[in-house]
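I opened my notebook to go through this one piece by piece. Here is what I looked up, in the order I looked it up.

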2 protein chains.
Amino acid sequence: MGVVTGDGTVGKALTVLDQVAGIGRPVRMRELLETSEFPKPTLYRLLQTLTNQGMLTYNTEAQTYAPGIRLVRLAHVAWSQASLAPIARPHVDALAANLREAVHVAQIDNGQVVFVDKRQASTKFSTLAQAGQVAPAYCTGVGKAILAFLSEEDLEQALLQQAFHQYTPATHTSANTLRAELETIRAEGIAFDREEHAAGIISIAAPILTPSRRVVGSISIATATNRHSLEGLGKFRPALLECAQKIGAEAQSWQPPSLP
Amino acid sequence: MGVVTGDGTVGKALTVLDQVAGIGRPVRMRELLETSEFPKPTLYRLLQTLTNQGMLTYNTEAQTYAPGIRLVRLAHVAWSQASLAPIARPHVDALAANLREAVHVAQIDNGQVVFVDKRQASTKFSTLAQAGQVAPAYCTGVGKAILAFLSEEDLEQALLQQAFHQYTPATHTSANTLRAELETIRAEGIAFDREEHAAGIISIAAPILTPSRRVVGSISIATATNRHSLEGLGKFRPALLECAQKIGAEAQSWQPPSLP
DNA sequence: AACGACGTCTCATATAATGAGACAAAATAT
DNA sequence: ATATTTTGTCTCATTATATGAGACGTCGTT
């Protein structure tokens with residue numbers, strides 16, 4: 001599920017690359033080996049290949065691997081072409097200027113949502129470093145906002161890719177209860193995360209729809225329950241919808257990366 | 001030079017990935033084939049593999065390839081770990097707030113410089129989309145600022161990687177004239193691009209040195225000759241050095257990706 | 001000094017990839 | 001309307017690459 005297997009050595013190398021990238025800090029080969037599907041010499045060789053190619057970097061003193069500068073080079077190209085963030089950013093900045101909360105931009109990818117940008121009026125917080133974060137679709141505001149507007153076929157496919165793991169008592173644990181809520185989201189144009197993914201975190205989200213009603217992503221305002229209530233978040237609905245509508249208008253010719 | 005060959009199928013796939021990413025817009029297989037080193041079925045299969053893996057996306061209507069969402073996911077991890085930008089950004093924002101010009105952050109990669117961030121007080125211009133851009137080291141301010149502070153061994157290696165192509169009459173065309181200027185840069189702590197890479201474009205740059213005098217990158221202020229003179233750029237020297245020093249202090253434990 | 005942990009290397013064997021040529025569909029030229 | 005060209009896709013005999021058990025070396029721990 002998710003990452004396609006059966007693509008020979010390239011697939012294996014990318015699996016290793018994902019594993020290193022997923023750790024989020026420099027990591028030794030031994031630690032990678034613990035959860036790797038590959039035997040030690042194979043893992044070693046794949047790490048060597050990726051390092052030689054600049055996709056990973058190796059710290060000889062600490063004996064650790066980390067993402068490499070070639071990945072950074074590819075990163076920016078990918079971000080500017082394959083994500084909504086360049087189109088969305090000016091609109092999200094305008095929205096965020098009037099808020100104390102952060103505004104997120106997300107897209108769907110293999111049934112998960114990828115946060116591609118986060119903007120906040122305050123510049124205290126590093127933004128891009130938190131982009132690229134992945135979350136489940138079925139229990140996030142941004143995820144449900146996208147699911148609700150997928151085509152019937154894409155929705156069925158996406159529902160098969162949900163784990164329905166119960167993160168909190170509020171989490172959907174079946175496709176059927178989720179379907180019912182998706183109907184409501186379609187009617188109201190807005191999705192809420194009611195502490196479904198993490199206790200104490202709520203959000204309000206709107207889908208980004210092109211003029212031809214194709215869903216390409218979503219935006220959300222997330223906050224902590226000790227800062228806002230759901231009712232309080234509801235007040236952001238008009239501004240959020242307007243912002244999403246403006247992004248959608250510019251995204252008519254933008255093509256989201258298709259599912260593998 | 002630059003990208004290591006001899007890494008089998010993974011190396012080939014990454015070469016194709018770079019080619020698609022380097023185009024900067026969706027591209028058809030035929031166009032890729034024109035400059036590809038691979039025969040048609042090989043290129044076709046590598047493109048299929050990368051698309052299956054989510055590193056590229058394929059638009060069936062336009063029959064074009066473009067970077068895929070999996071690359072975006074990897075992108076953000078790489079950017080936050082493998083680039084100086086997260087550390088540098090708050091300092092560069094503070095510097096840029098007082099300027100009309102853009103401030104760039106760069107790192108060295110295989111003898112070239114990679115721009116990893118660009119900040120400007122005005123938000124009119126898309127910033128991140130221009131990061132990831134690569135330029136030669138020998139004829140850019142950021143490049144010369146880094147070269148001047150490399151170890152003897154790393155400098156020799158980097159000089160071998162310079163093409164010394166003459167972009168303008170001001171461009172260095174030999175290692176010897178460059179070495180002389182690197183001495184001056186070391187003495188003054190500042191590098192200038194005197195229309196060496198592009199006519200009409202000048203910049204002032206400072207290396208980012210950790211407390212242990214390791215060069216990890218550089219920052220620069222670039223402008224057009226019809227907006228500033230070199231003398232005018234010289235006035236930014238104290239602020240640029242201070243900004244670089246602050247970044248360097250925080251970068252002591254940060255490890256730049258090592259050369260493959 | 002002995003042992004364990006971890007990274008690195010070897011090579012017989014297995015698997016994956018190659019690329020010329022063929023084919024199909026769409027686009028272009030006549 | 002028909003012929004030709006272009007482009008993308010597929011096949012398969014052959015070649016090249018990759019595998020992974022076991023061994024080895026270095027470093028850390030006991």
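Predicted model: local features only at pLDDT ≥ 70, side-chain atom pairs only at ≥ 80, totals over all residues.

**DNA strand C.** I started by asking which residues come closest to DNA strand C. Residues are numbered from 1 along each chain as its sequence is written, chains are lettered from A and ligands numbered from 1 in the order in which they are written, and side-chain values use heavy atoms, with hydrogens and water left out.

Next I checked which part of the DNA faces the protein. Of the atoms of DNA strand C within 4 Å of the protein, 75% are sugar or phosphate, and the rest are in bases.

Then I looked for polar contacts (a pair of N or O atoms within 3.5 Å; within protein, one must be able to donate a hydrogen and the other to accept it, and residues adjacent in sequence count only if both atoms are side-chain atoms). I found a backbone N or O atom of A:Thr9 at 3.1 Å from a phosphate oxygen of DNA strand C.

I sorted the surface near DNA strand C by class and got six nonpolar, five polar and five charged residues. My classes: Ala, Val, Leu, Ile, Met, Phe, Trp, Tyr, Cys and Pro are nonpolar, Asp, Glu, Lys and Arg are charged, and the others, Gly among them, are polar.

**DNA strand D.** Of the 16 residues around DNA strand D, the nearest are A:Thr42, A:Arg45, B:Thr9, B:Arg30 and B:Tyr44. The side chain of A:Arg45 has an N or O atom 2.6 Å from a phosphate oxygen of DNA strand D. B:Arg30 uses a backbone N or O atom, 2.9 Å from a phosphate oxygen. What does B:Lys40 reach with its side chain? A base oxygen of DNA strand D, at 3.4 Å from an N or O atom.

**Strands in chain A.** Back to A:Arg28: its bridge partner in strand 3 of chain A is A:Thr64. I also saw A:Asn59 opposite A:Thr64. Strand 2 (residues 56-59) and strand 3 of chain A pair in the antiparallel sense over four bridges. Strands here are DSSP runs of E, at least two residues, numbered from the N terminus, and two strands pair if DSSP finds at least two bridges between them. In the hairpin of strands 2 and 3 of chain A, with four residues between the strands, A:Gln63 has a positive phi near 55°.

**Domains.** Chain A splits into domain 1 (8-72) and domain 2 (83-250); the bounds come from an automatic or database domain assignment. I noted 32 Å between the C-alpha centres of these domains.

**A:Ile204.** I found this residue in strand 8 (residues 201-209) of chain A. Buried or exposed? A:Ile204 counts as buried because its relative accessibility is 0%, and buried means under 20% relative accessible area (1.4 Å probe, protein chains only).

How values were computed: Near = heavy atom within 4 Å. Buried < 20%, exposed > 50% of the residue type's maximum accessible area, 1.4 Å probe, protein only.
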